[in-house]
Amino acid sequence: MHHPFTPLASVPVDVARARVHEEGWQSWSPSGAYALGEKPHRPANDNWATVCYRPGRTVPSGAFQGEGLLALDPGDGTPVRLWAATDPCRAVPSIRLEVHGDRAEVSADGPVRELTGPDVQSVLAEWADGLGVAPPRPAPTVWCSWYEYFTGVTEDDVHENLRAMDTLDLPVDVVQIDDGYQSALGDWLTLSGRFRSRAGIADAIRARGRRAGIWTAPFLVAPDSEPATAHPDWLVRDAEGAPVHAGHNWGHDLYALDTTHPDAAAYLTHVFATLRSEGYDYFKVDFLYAGALDGVRHSGADPLTAYRAGVALIRDAIGPDAYLLGCGAPVLPSIGLFDAMRVSPDTAPHRRPEADDFSQPGQDAAEFTGRARQWQHGRLWINDPDCLMARPAVETRERWAAHVEATGGLMASSDRLLSLDAWGVATTRRLLTRGAR
């Protein structure tokens with residue numbers, strides 16, 4: 001249920017110089033500061049509104065809106081003002097700013113508190129410091145299969161890159177297999193035809209002195225997967241009893257797993273306990289927005305309570321020593337749950353995102369939001385700016401590498417290592433060495 005917006009403040013502004021910071025709902029939601037005359041980034045279509053923004057929340061034309069956080073630099077020399085959720089893990093109000101003449105009218109649909117500071121990043125950092133989150137553990141360095149092989153990755157591709165790490169003397173701690181090893185979303189323990197043995201490849205990685213990592217999208221279910229076909233009662237439902245639509249991707253519609261259903265919870269625990277027992281101790285959990293979608297759940301839990309309990313269930317199954325990286329995750333409701341967090345949309349071998357929608361893959365979009373969320377790094381988690389791509393085919397690879405390096409966050413290479421030229425090898429080695437410190 002959405003509450004009405006109530007006024008919070010009426011602030012005089014220098015219309016030419018004022019800036020507004022919008023905090024997006026999840027990892028991929030555009031976040032950043034705008035001049036009052038700029039048009040903030042909004043979804044280009046309804047599917048992206050579900051998959052990459054805050055579903056069910058629309059913003060009036062000409063308004064700014066942050067999900068749980070909104071900051072205003074009035075531009076007249078007075079302090080920056082931040083309106084922030086009072087209990088960000090349980091309730092994330094939408095905070096709206098509309099300009100009328102030379103005043104900014106701020107309102108919210110739930111409880112917020114106000115802080116002031118000298119600039120946008122420092123007042124956001126001060127708010128984060130006040131949450132009492134334990135300092136995050138350092139991140140391992142990573143090689144990830146995604147940005148070279150995408151869903152076509154094979155077991156042989158992983159072996160080739162494992163050998164190349166030795167040949168090129170790259171300080172990679174974790175070799176992380178991304179999307180493509182599994183038969184379907186939801187069938188995490190059934191292999192695609194491109195992989196022979198999940199435990200076998202983990203053994204091979206560890207035999208070379210590296211750690212094994214693996215990708216899942218634990219709260220998503222494909223319609224043709226075993227959970228959806230054999231256990232339809234495991235799905236989050238709408239008020240009419242139909243499965244909640246979690247967006248469209250991979251060429252089909254998606255459903256959301258109801259982790260409050262005891263059998264679904266037991267299944268998810270079994271999946272992660274199995275992966276952990278096979279030797280995987282680095283887990284990238286993706287598309288987590290699905291765990292916080294509005295809908296009817298078995299226990300009657302509200303979406304954010306169910307989401308946090310679902311992530312806690314994964315953490316319990318993998319144990320406290322395993323490394324947990326969130327992605328596509330509702331940002332504020334994830335506080336205290338993860339070692340590292342993706343803080344931007346996906347990068348890509350190209351700069352501009354599709355349809356100029358800044359939730360979509362592209363270096364411009366990843367840099368815009370990644371920079372604006374730098375205040376989270378080292379306070380809420382280790383920031384993941386997304387992977388380094390240093391191969392010659394990558395557009396503006398020097399600029400992208402500079403962004404990844406400047407964040408000081410999680411360092412992950414995602415090239416076919418044998419495709420790197422001298423610059424690519426040297427840059428990859430330098431960033432991984434820096435990340436390994």
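Colleague: How many disulfides does the structure hold?
Modeller: This is a predicted model, where local features need pLDDT of at least 70, side-chain atom pairs count only at pLDDT 80 or more, and totals for chains, interfaces and linings use all residues. Residues are numbered from 1 along each chain as its sequence is written, and side-chain values use heavy atoms, with hydrogens and water left out. A disulfide is a pair of cysteine sulfur atoms within 2.5 Å. The number of disulfides here is zero.

Colleague: How far is the sulfur of C89 from the closest cysteine sulfur?
Modeller: C89 is buried, with a relative accessible area of 15%. Buried means under 20% relative accessible area, exposed over 50%, and partly exposed in between (1.4 Å probe, protein chains only). The closest cysteine sulfur belongs to C327, and the gap is too far for a bond: 19 Å.

Colleague: Which cysteine has the sulfur nearest to that of C327?
Modeller: C327 is in no disulfide. C327 is buried, at a relative accessible area of 1%. The nearest cysteine sulfur is 9.4 Å away, in C387.

Colleague: Which residues do ring pairs link into a cluster?
Modeller: Rings of Phe, Tyr and Trp (its six-membered ring) pair if their centres lie within 6.5 Å; planes under 30 degrees apart count as stacked, over 60 as edge-to-face and the rest as tilted. The structure holds 16 aromatic pairs. The cluster consists of W28, W250, F287 and Y289.

Colleague: Y289 also touches a threonine. Which residues does T50 contact, leaving aside neighbours within four places in sequence?
Modeller: T50 sits in helix α1, residues 46-52. Helices (H or I, at least four residues) and strands (E, at least two) are DSSP runs, numbered from the N terminus. T50 counts as buried, at 17% relative accessibility. With contact meaning heavy atoms within 4.5 Å, its partners are P55, H245, A246, G247 and Y289.

Colleague: Over which ring does the charged end of R96 sit?
Modeller: A charge sits over a ring if NZ of Lys or CZ of Arg is within 6 Å of the ring centre and within 35 degrees of the ring normal. The charged end of R96 is 3.9 Å from the centre of its ring. That ring belongs to F5.

Colleague: Are α4 and α5 roughly parallel or roughly antiparallel to each other?
Modeller: Axes are lines fitted to C-alpha atoms, for helices over the stretch in contact, and angles run from 0 to 180 degrees between N-to-C directions. Helix α4 (residues 155-167) and helix α5 (residues 198-207) have axes 11 Å apart, at an angle of about 5°. Angles under 35 degrees count as roughly parallel, over 145 as roughly antiparallel, 65 to 115 as roughly perpendicular and the rest as oblique. The pair is therefore roughly parallel.

Colleague: Which residues of α5 meet α4?
Modeller: The α4 side supplies E155, V158, H159 and L162.

Colleague: What phi does D169 have?
Modeller: Most residues other than glycine have a negative phi. D169 lies in the loop between α4 and β11 (174-177). D169 is exposed, at a relative accessible area of 58%. Its phi is positive although D169 is not a glycine: about 55°.

Colleague: In which loop does D356 lie?
Modeller: D356 is not a glycine, yet has a positive phi of about 55°. D356 is partly exposed, with a relative accessible area of 46%. Its loop runs between β21 (340-342) and α9 (363-372).

Colleague: Against which helices do the buried residues of α10 pack?
Modeller: Helix α10 covers residues 397-407. Its buried residues are R397, W400, A401, H403, V404, E405 and T407. They pack against α9 and α11 (422-435).

Colleague: At roughly what angle do the axes of α10 and α11 cross?
Modeller: The axes come within 11 Å and cross at roughly 5°. That makes α10 roughly parallel to α11. R397, E398, A401, V404 and E405 of α10 contact W423, G424, T427, R430, L431 and R434 of α11. Again, the crossing angle is roughly 5°.
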